[in-house]
Amino acid sequence: MRVTRSYVDLPLAVGQTVSLPEEVANHLVRVMRLREGEGCVLFNGDGHDYSATLVESGKRDARVQIASAQALDNESALSITLLQGIARGEKMDLILQKATELGVQAIVPVNAERTEVKLDAARAEKRLAHWRSVVVSACGQSGRAQVPTVAPPRNLQEAALAMPTEALKLTLDPVGEHRLSTLSAAPGGVVIAIGPEGGWSPRDRLALQQAGFQGLQLGPRILRTETAGLAAIAAIQARLGDLG
């Protein structure tokens, strides 16, 4: 039977007894019907899965004892950062979820000229917390024990200039200089820039060009923002990473 993996933002060690956060305790005890003496798996982003046994449960809390730790080796050796134009609601959630499953190490949401979602400081903080929860959930589902970072939203130019100079920096372009067959690994990994629902404006493309981004041809069709990044990540993982 498949065991649900639960994320906890706590240090974990073998032999330790841990009080679970209320949300995790509620999910395991109320939703999954875990009983005292039964097992579960926890992870905290340090690269390990921790097998644990429920030793105590109350109305709002639960305690588990960590029995063992297993180091997981399922992270891609290819470092991929997705620089993603902010999309609306469920589209952004889908992008974050599937990019995590495909092995990205970092996601940087950006505001571009044609971004349709406008976030003030309060909304940006709430959306960031939500996006990070989506990524954590995707790690639990996909078996990853290291959680990709999700950066606070920032403007495109700042984000593009902050990317490592030694990275291979790409954005999709039907007349771009690169094809998949011409790509080679770079010491700084790969950064993929994907426009928002309205696409990159000419000014956005200039900002990317000035930051060292190059065009990548990825087929003859126009892809939506929720398709483009995922297709590019999968193709680049197949070419340079761990898919295939």
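What follows is a conversation about the terms used for this model and the values behind them.

Modeller: Gladly! This is a predicted model, so local features need pLDDT of at least 70 and side-chain atom pairs count only at pLDDT 80 or more, while totals for chains, interfaces and linings use all residues. Residues are numbered from 1 along each chain as its sequence is written, and side-chain values use heavy atoms, with hydrogens and water left out.

Colleague: Thanks. How many helices and strands does the protein chain have?

Modeller: The protein chain has 6 helices and 12 strands. Helices (H or I, at least four residues) and strands (E, at least two) are DSSP runs, numbered from the N terminus. The C-alpha atoms fill a box of roughly 60 × 40 × 30 Å, taken along the principal axes.

Colleague: Why is Ala160 called buried?

Modeller: Buried means under 20% relative accessible area, exposed means over 50%, and partly exposed lies in between (1.4 Å probe, protein chains only). Ala160 has 0% relative accessibility, so Ala160 counts as buried. Ala160 sits in helix 4, residues 156–162. Of the 244 residues of the protein chain, 43% count as buried.

Colleague: What makes Leu83 a contact of Ala160?

Modeller: Contact means heavy atoms within 4.5 Å. Not counting residues up to four places away in sequence, Ala160 touches Leu83, Leu208, Ala211 and Phe213.

Colleague: What is Ala234 called, and why?

Modeller: Ala234 has 26% relative accessibility, so Ala234 counts as partly exposed. This residue lies in helix 6. Leaving aside neighbours within four places in sequence, Ala234 is in contact with Leu102 and Leu243. The C-alpha atoms of Ala234 and Leu102 are 6.6 Å apart, although the two residues are 132 apart along the chain.

Colleague: Why are helix 2 and helix 6 described as roughly parallel?

Modeller: Axes are lines fitted to C-alpha atoms, for helices over the stretch in contact, and angles run from 0 to 180 degrees between N-to-C directions. The axes of helix 2 (residues 89–101) and helix 6 (residues 225–240) come within 9 Å and cross at roughly 10°. That makes helix 2 roughly parallel to helix 6, since angles under 35 degrees count as roughly parallel, over 145 as roughly antiparallel, 65 to 115 as roughly perpendicular and the rest as oblique.

Colleague: Which residues meet there?

Modeller: From helix 2 come Lys91, Leu94, Ile95, Lys98 and Ala99, and they meet Thr225, Glu226, Leu230 and Ile233 of helix 6. By class, this contact has 5 nonpolar, 1 polar and 3 charged residues. The classes work like this: Ala, Val, Leu, Ile, Met, Phe, Trp, Tyr, Cys and Pro are nonpolar, Asp, Glu, Lys and Arg are charged, and the others, Gly among them, are polar.

Colleague: How do you know that Thr171 is buried?

Modeller: Thr171 has a relative accessible area of 7%, so Thr171 is buried. Thr171 belongs to strand 10, residues 168–172. Beyond its neighbours within four places in sequence, Thr171 has contacts that include Ala193, Trp200, Arg205 and Gly215.

Colleague: And why is Gly215 called buried?

Modeller: Gly215 has a relative accessible area of 6%, so Gly215 is buried. Gly215 is in strand 12, residues 214–216. Leaving aside neighbours within four places in sequence, Gly215 is in contact with Thr171, Asp173, Gly176, Glu177 and His178.

Colleague: Is Arg33 buried or exposed, and why?

Modeller: At 54% relative accessibility, Arg33 is exposed. Arg33 is found in the loop between helix 1 (22–31) and strand 3 (39–43). Its phi is near 60°, a positive value in a residue other than glycine.

Colleague: One last thing: what makes Arg5 a charge over the face of Phe43?

Modeller: A charge sits over a ring if NZ of Lys or CZ of Arg is within 6 Å of the ring centre and within 35 degrees of the ring normal. Arg5 lies over the face of Phe43, at 4.3 Å from the ring centre.
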